[in-house]
Amino acid sequence: MSAAERAMPDALATLTAYGLAALWLLALTPSGLVAQLAGLCAGAVVAGAAVGSILRRLPRFSTPADRVTLLRAVLIALCAALAAAQLFSGASTDLLLPMLGGAAFLLDGVDGAVARRTGTSSAEGARFDGATDAALVLVLSVAAAAVVGPWTLAIGAMYYAFRVAGFFRPHLRATLPPSLTRKAIGACQPFALLVALLPGMPSAAAVAAPALALGLLAFSFARDVVQLESHHRAVLLDAAQ
């Protein structure tokens with residue numbers, strides 16, 4: 001089956017896998033019906049966004065690397081379902097959520113390796129991978145908000161705030177040069193949030209890990225904004241001369 005023919009089956013398989021797994025997991029939680037429905041809807045938003053990334057492509061296609069990313073999206077969607085159910089029910093976070101989040105975190109990079117090995121790297125795949133990374137951080141930041149405080153939401157929201165800013169200042173959507181520092185700081189975010197979500201973690205460590213990650217993330221985004229703004233001003237000056 002060609003990459004174009006795989007897009008729709010992969011999308012349907014993703015939604016089916018999420019739906020069945022979410023119903024099973026939520027049935028095991030002590031939360032009530034309202035909390036379970038909230039969780040199911042929250043996870044469906046994540047899974048639906050991932051599927052939409054595949055189906056919106058023109059021409060439509062799905063590669064082996066995309067299937068790895070879709071698997072990560074299912075895991076993240078399940079984290080979202082559990083996090084929302086726990087927020088609505090007031091239940092404490094157990095080991096299941098950080099285990100699923102940890103699996104999604106560890107799979108990061110596998111899709112890139114698969115893309116390189118199969119010769120199917122693409123700009124669409126890279127954007128899909130980046131959006132999935134951001135979804136993981138957002139979901140974990142929501143879950144961590146119930147543990148260490150609502151300030152962790154800033155970690156998950158920063159990527160989306162940057163994207164929104166790009167609509168008002170289009171030059172912020174320009175491609176940045178590769179940076180190992182940026183990649184390391186990005187990987188630090190889900191790791192720090194997972195540390196905060198581990199049951200039995202001392203409160204000092206649960207707060208310190210995401211606090212440090214937030215500071216590094218703010219530095220990284222600020223540096224990128226300054227770099228993009230400086231480049232934009234240089235382009236305008238060259239055009240005016």
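Student: Which residues line the largest cavity?

Tutor: This is a predicted model, in which local features need pLDDT of at least 70 and side-chain atom pairs count only at pLDDT 80 or more, while totals for chains, interfaces and linings use all residues. Residues are numbered from 1 along each chain as its sequence is written, and side-chain values use heavy atoms, with hydrogens and water left out. On a 1 Å grid over the protein atoms alone, a cavity is a set of points where a 1.4 Å probe fits but cannot get out, and lining residues have an atom within 4 Å of a point. For the largest cavity, the lining consists of A83, Q86, L87, T93, A143 and A146.

Student: Which element gives the largest share of that lining?

Tutor: Helices here are DSSP runs (H or I, at least four residues), numbered from the N terminus. The largest share, three residues, comes from α3.

Student: How do the residues of the lining of the largest cavity divide into nonpolar, polar and charged?

Tutor: Ala, Val, Leu, Ile, Met, Phe, Trp, Tyr, Cys and Pro count as nonpolar, Asp, Glu, Lys and Arg as charged, and the others, Gly among them, as polar. By these classes, the lining of the largest cavity has four nonpolar, two polar and no charged residues.

Student: What is the volume of the second largest pocket?

Tutor: A pocket is an open set of grid points with protein on both sides within 12 Å along at least five of seven lines. Grid points are joined across faces, edges and corners, and a volume is the space filled by probe spheres set on the points. For the second largest pocket, this volume is about 160 Å³.

Student: Which element gives the most to the lining of the second largest pocket?

Tutor: The pocket is lined by 14 residues, and the closest to its centre are T29, P30, L82, Q86 and D94. Both α1 (3–28) and α3 give two or more residues to this lining. With four residues, the element that gives the most is α3.

Student: Is R72 buried or exposed?

Tutor: R72 is found in helix α3, which covers residues 64–89. Apart from residues up to four places away in sequence, R72 touches A104, L107, D108, D111, D129, T132, D133 and L136, where contact means heavy atoms within 4.5 Å. Buried means under 20% relative accessible area, exposed over 50%, and partly exposed in between (1.4 Å probe, protein chains only). Because its relative accessibility is 0%, R72 counts as buried.

Student: Which residues is G43 in contact with, leaving aside its neighbours within four places in sequence?

Tutor: G43 is found in helix α2 (residues 33–55). Since its relative accessible area is 0%, G43 is buried. Its contacts beyond those neighbours are Y18, A77, A80 and A81.

Student: What separation do the C-alpha atoms of L100 and I76 have?

Tutor: L100 has its place in helix α4 (residues 96–106), and its relative accessible area of 14% makes it buried. Leaving aside neighbours within four places in sequence, L100 is in contact with L25, L75, L78, C79 and L82. I76 is 24 residues apart from L100 along the chain, and their C-alpha atoms are separated by 7.3 Å.

Student: How many aromatic pairs does a search of the whole structure find?

Tutor: Rings of Phe, Tyr and Trp (its six-membered ring) pair if their centres lie within 6.5 Å; planes under 30 degrees apart count as stacked, over 60 as edge-to-face and the rest as tilted. A search of the whole structure with this rule gives a count of two. Y159 and Y160 form an edge-to-face pair, with 5.0 Å centre to centre and 90 degrees between the planes. F162 and F221 form a tilted pair, with 5.4 Å centre to centre and 50 degrees between the planes, within the total of two.

Student: Why does the pair of F162 and F221 tie together parts that are 59 residues apart in sequence?

Tutor: Both F162 and F221 are buried. F162 lies in helix α7 (residues 153–168) and F221 in helix α9 (residues 203–240), so the parts that the pair ties together belong to α7 and α9.
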